[in-house]
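Please look over the chains below before reading on. The notes that follow are grouped by topic.

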Amino acid sequence: MSAGLLYALAGVLLFVLGAAGAILLAHLLRKVLAFNVMGSGAFLTLVGLAQREGLADPVPQAMVLTGIVVAVAATALALGLVRALHARTGRTHLTEEVRHD
Amino acid sequence: MTEPWLDPAAWLILLPLAWASLAFLAGPGRGGRLAIAALAAQCVLAVWLGVDMVESGARVHAVGGWGAPLGIDLMADGLATVMLLLTQAVALSLAFYAHAYFADAHHRAEATWFWPLAGVLIAAMNALFLSADLFNLYVTLELLGLAAVGLVALGGGAAQLSAAMRYLLVSLVASGAYLMGVALIYGTYGTVSIATLAPLIGQYAPLATWLAAGLMLAGLMAKTALFPFHAWLPPAHGSAPAPVSALLSALVVKASFYLILRLWLGPFAPLAETAAWLAGGLGAAAIVWGSWQALRTRHIKRLVAWSTVAQLGYLFLVFPLLAVEGQALQAGVMQALAHGLAKAAMFAAVGVLMLATGRDTLDGLAGVAGRVPLTLFAFALAGVTLMGLPPSGGFLAKWLLIDAALLTGQWGWVVVIIGGGLLAAGYVFRVLNQAFLTVPADTRFQPVPRRLEWMAFGLALASVLLGLRGMELATLLAVAP
């Protein structure tokens, strides 16, 4: 097994863990962190799978850099929303849909 | 061929980004007039692109002169141009609407960052329609999702914030799944260009490709709010300000559907056949469940949002019928266009109704027929499209679907399509019924700006008249890369 494939498999594992966390955990902060784990897993797979004969492929590295920028922006928005929601309602989790009037 | 820097495709992405940035710099609540002027220019660009393409075929624009694989290619074909035309036309009408809507004292507080966010949203959609590679599509999907979440949160109330949070989480997990798919595809084939991938993927593709296709399509279905991934949509579209709900329901969910269509007809065609029945089945379930909820809810905006869940179901009936060359695609795109115009009109009309009555429940609508008749007429016209009565665009779409189902001997879909039309009639008449009730003489109605009423009416009329323009649609869609 090449090192690249090992990284890729670790990436898949992280992705699955993160996805499960983002769906199953109740606390919003944990959900946001789990999403970041999930994203890192996808990045690791992208870079890991693209190693050919020990040589790194620059294209997926450029993609991962772009992806990290996107993930940082998404995390910032998510954290901002969590804070605003907490300030407004005192809750840090999503309740079952409220029927507003 | 024009000069590269004059290419309308590139300007359709640059222009909204430019006015979004200027609107942001201008400060909260400002930038509306600029947005309207720029959107008018974008409409001209989209028409120019369409005319040019019918004459000289699909075109590829290498951004900055750097071609793929190092640079990013923009690709405009018939399908992309149709979606671009819909987006600019609906966005321009809604910009007129939003400008008047946010000028009203009740809504001024919600206007804060509407224009910058709307600009980014439109730029992201235009970029999505024009992207030619899977990774660039991921970036545009994320950009679109983040802008849409920002718009949902505009109101700043607890209901809006928690709807926005729910939407954001679904959107992030869904694009995470899509990104994982891209990683697997790149690892297997060493490319993310849709055109290069198409001939490489066959029916005996490795497991990783199947997994990638599954992850990407599932992620996109969640973003399109296909049953059973629809739970985020009614709160998000139901609690946002009216112009935002209209933008989201009419356009944003169509963007991820467009991408499903692209992948399904392109690189994943050999794999997707097996899932066609599943997609059609989920679409049918969405029609029944969405309509049922629309028949039950007490809130008028929720009713329209649930109707979106139902109408999105029709889009997925296209997949089991793709065997009928060309026709199913036309039906799907026609449904996307007709629903886009009709739902924009319906949310615009509901915005006026809520402004006039000051209430958001169906009960509160009693008597509006006498006060805002033009708006109610707009609502009914949009309803005609949703029900699929002639000569509306909805009729043409459903007719093409039924015809394709009969040609392939799949009777079940016909029952679903006609049943869905009846259910749509049910929830549209719930609103109309209530509107014609007589009310006590002391009931107060707020005056509403006429511009709001006329924009809703114009959009609704367009959705009905669209049914007469089937030939033009077919001509445009025939322009393949």
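Predicted model: local features only at pLDDT ≥ 70, side-chain atom pairs only at ≥ 80, totals over all residues.

Residues are numbered from 1 along each chain as its sequence is written, while chains are lettered from A and ligands numbered from 1 in the order in which they are written.

**Contact between chains A and B**

- Chain A contributes 34 residues to the contact and chain B contributes 26 residues; two residues are in contact if their C-beta atoms, placed from the backbone, lie within 7 Å.
- On the side of chain A that touches chain B, the elements giving two or more residues are helix 1 (3-24), helix 2 (28-49) and helix 3 (58-89) of chain A. Helices (H or I, at least four residues) are DSSP runs, numbered from the N terminus.
- Helix 3 of chain A gives the most to this side, with 15 residues.
- By class, the residues of the side of chain A that touches chain B are 25 nonpolar, 6 polar and 3 charged. Ala, Val, Leu, Ile, Met, Phe, Trp, Tyr, Cys and Pro count as nonpolar, Asp, Glu, Lys and Arg as charged, and the others, Gly among them, as polar.

**Helix 3 and helix 19 of chain B**

- The axes of helix 3 (residues 78-103) and helix 19 (residues 450-465) of chain B come within 9 Å and cross at roughly 160 degrees. Axes are lines fitted to C-alpha atoms, for helices over the stretch in contact, and angles run from 0 to 180 degrees between N-to-C directions.
- The two helices of chain B, helix 3 and helix 19, are therefore roughly antiparallel to each other (angles over 145 degrees count as such).
- Residues B:Ser93, B:Phe96, B:Tyr97, B:Ala100 and B:Tyr101 of helix 3 meet B:Arg451, B:Leu452, B:Met455, B:Gly458 and B:Leu459 of helix 19.
- This contact between helix 3 and helix 19 of chain B has 7 nonpolar, 2 polar and 1 charged residues.

**Backbone features in loops of chain B**

- B:Phe227 and B:Pro228 are joined by a cis peptide bond, with omega about 0 degrees. B:Pro228 is in the loop between helix 8 (207-223) and helix 9 (233-239) of chain B.
- The loop between helix 8 and helix 9 of chain B also holds B:Ala225, a residue other than glycine with a positive phi, near 60 degrees.
- B:Ala225 is buried, with 29 other C-beta atoms within 10 Å (buried means 20 or more such atoms, with C-beta atoms placed from the backbone).
- Another cis peptide bond joins B:Pro390 and B:Pro391, with omega about 5 degrees. B:Pro391 lies in the loop between helix 16 (373-387) and helix 17 (393-407) of chain B.

Technical notes
Parallel < 35°, antiparallel > 145°, perpendicular 65-115°, else oblique. Buried ≥ 20, exposed ≤ 12 C-beta atoms within 10 Å, placed from the backbone.
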